[in-house]
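Please look over the sequence and the structure shown below before reading on. The paragraphs that follow lead from one group of residues to the next.

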Amino acid sequence: MDNATQYQLRLAERMSRLGTETAFEVLNKARALERQGKKIIHLEIGEPDFDTPANVVEAGIAALRKGWTHYGPSAGLPELRQAIAEDVGRSRGVKVSSDEVVVVPGGKPIIFFTLLALADVGDEVIYPNPGFPIYESMIHYLGAKAVPIRLREERDFSFDVNELASLITDRTRLIILNSPQNPTGGVLSKQDIHDIAEAIGDRNIMVLSDEIYSRLIFDGEHHSILSVPGFQERTILLDGFSKTYAMTGWRLGYGVMRPDLASHISRLMTNSNSCTASFTQIAGVEAISGDQTSVEHMRLEFQRRRDAFVSGLNRVKGFSCRMPKGAFYAFPNIKKTGWTSKRLAETLLEQAGVACLSGASFGDFGEGYLRFSVANSLENLNQALLQIDEWTRKNL
Ligand SMILES: Cc1ncc(COP(=O)(O)O)c(C=O)c1O
């Protein structure tokens, strides 16, 4: 289409409040540099570099051949909802029935649908900051009030529960938790979960518990607020297949919630996607019910890379990095460099050939940090460390 048009684009006002995920913008910028012949090490994107396990791929192909190419129920295929209910029930130690499960295309729609279903204009939503940028973006988009809770480095990127208690008001509709956490790798302990539950008490506040990295824990165990007595009916658990089974492109995730809310979230599915791709869901049944060796293999490999990369980062001038307990990110403090996060991230891309993200793209409290994804080979991670080290020696 010709760029010059007499028809001015008139966007709905709410579009001015919609944010984005900078990872995709940095990826585009890095690709543009690669087209100019530069070599870039990609540590910006949050997706496993492994292939989807072969048994899952085979199940997907067989499903296509068997004709799983049609519409299915909006809430998901009964066999997958049942498999998820059993899996979540087992891992979180609660009883879950399949009518509490809604299958959606990836984890993200659960964030969108939960906020659409629960947050009215002016309602307050408490969310982790620094945190996955989509929370803040969607809260703003809907005209709700975004109330950040600061994750504190000195607490291994957990928050102060007294601070949470002080942020809860009569307008609080939803609290978003994320453990293991993106971008910090922080993990909520059993005690943290207990304290959070106590701070909420018996208030009618819902909790969106984003547990998409639940199987990627290196130290300790995963704990969910879903397991706390009295919280099952106030929790929407978000989990999925993208990270655990390296299935980002298949688009498969789910929410577990009380059945009355599940029927509303299914209605949102009917209105937006109709359903999640049927053959993808059949592959999902195999992912959950089949051999889990590759999940453990990927976890151990991420741990190996985390150990090497974080200890390397701690040798870089001006950088200091806590050991993340989960997910596949390193979130070093770079305040001693004297640079802003955005400028340092941009300069490392352009001059050191390493793509990473500014901590500030995860919210205001992320300023002073960078996020590196360790979803790349150990060889590339070591090379990235060399290049960053060399750049800082020359320029700081
Ligand atoms: C914390 C968190 N929640 C949700 C998602 C969304 O996952 P999906 O790709 O399955 O939509 C991501 C992806 O990066 C994430 O980091």
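Arg155 counts as partly exposed because its relative accessibility is 42%, where partly exposed covers the range between buried, under 20% relative accessible area, and exposed, over 50% (1.4 Å probe, protein chains only). Arg155 forms a salt bridge with Asp160, the closest N and O atoms being 3.9 Å apart; a salt bridge here is a side-chain nitrogen of Lys or Arg within 4 Å of a carboxyl oxygen of Asp or Glu. The model is a predicted one, in which local features need pLDDT of at least 70 and side-chain atom pairs count only at pLDDT 80 or more, while totals for chains, interfaces and linings use all residues. Residues are numbered from 1 along each chain as its sequence is written, and side-chain values use heavy atoms, with hydrogens and water left out.

By the salt-bridge rule the count comes to 23. One of these joins the side chains of Asp49 and Arg305, with a distance of 3.0 Å from N to O. This pair links distant parts of the chain, 256 residues apart, since Asp49 lies in the loop between strand E1 (41–42) and helix H2 (54–65), whereas Arg305 belongs to helix H10 (residues 293–313); helices (H or I, at least four residues) and strands (E, at least two) are DSSP runs numbered from the N terminus. Asp49 is partly exposed at 36% relative accessibility, while Arg305 is buried at 3%. Both residues also belong to a network of salt bridges that links Asp49, Glu301, Arg304 and Arg305.

Another salt bridge brings together the side chains of Arg17 and Glu13, at 2.8 Å from N to O. Arg17 is partly exposed, with 29% relative accessibility, and Glu13 is exposed, with a relative accessible area of 55%.

A buried polar residue can be followed next. Asn182 sits in the loop between strand E5 (172–178) and helix H7 (190–200), and it counts as buried because its relative accessibility is 4%. The side chain of Asn182 makes a polar contact with the side chain of Arg371 at 2.8 Å.

A search of the whole structure finds zero disulfides, a disulfide being a pair of cysteine sulfur atoms within 2.5 Å. Cys356 is in no disulfide, and the nearest cysteine sulfur, that of Cys321, is 12 Å away. Cys356 is buried, with a relative accessible area of 2%, and Cys275 also counts as buried, at 12% relative accessibility.

Conventions:
A polar contact is a pair of N or O atoms within 3.5 Å; within protein, one must be able to donate a hydrogen and the other to accept it, and residues adjacent in sequence count only if both atoms are side-chain atoms.
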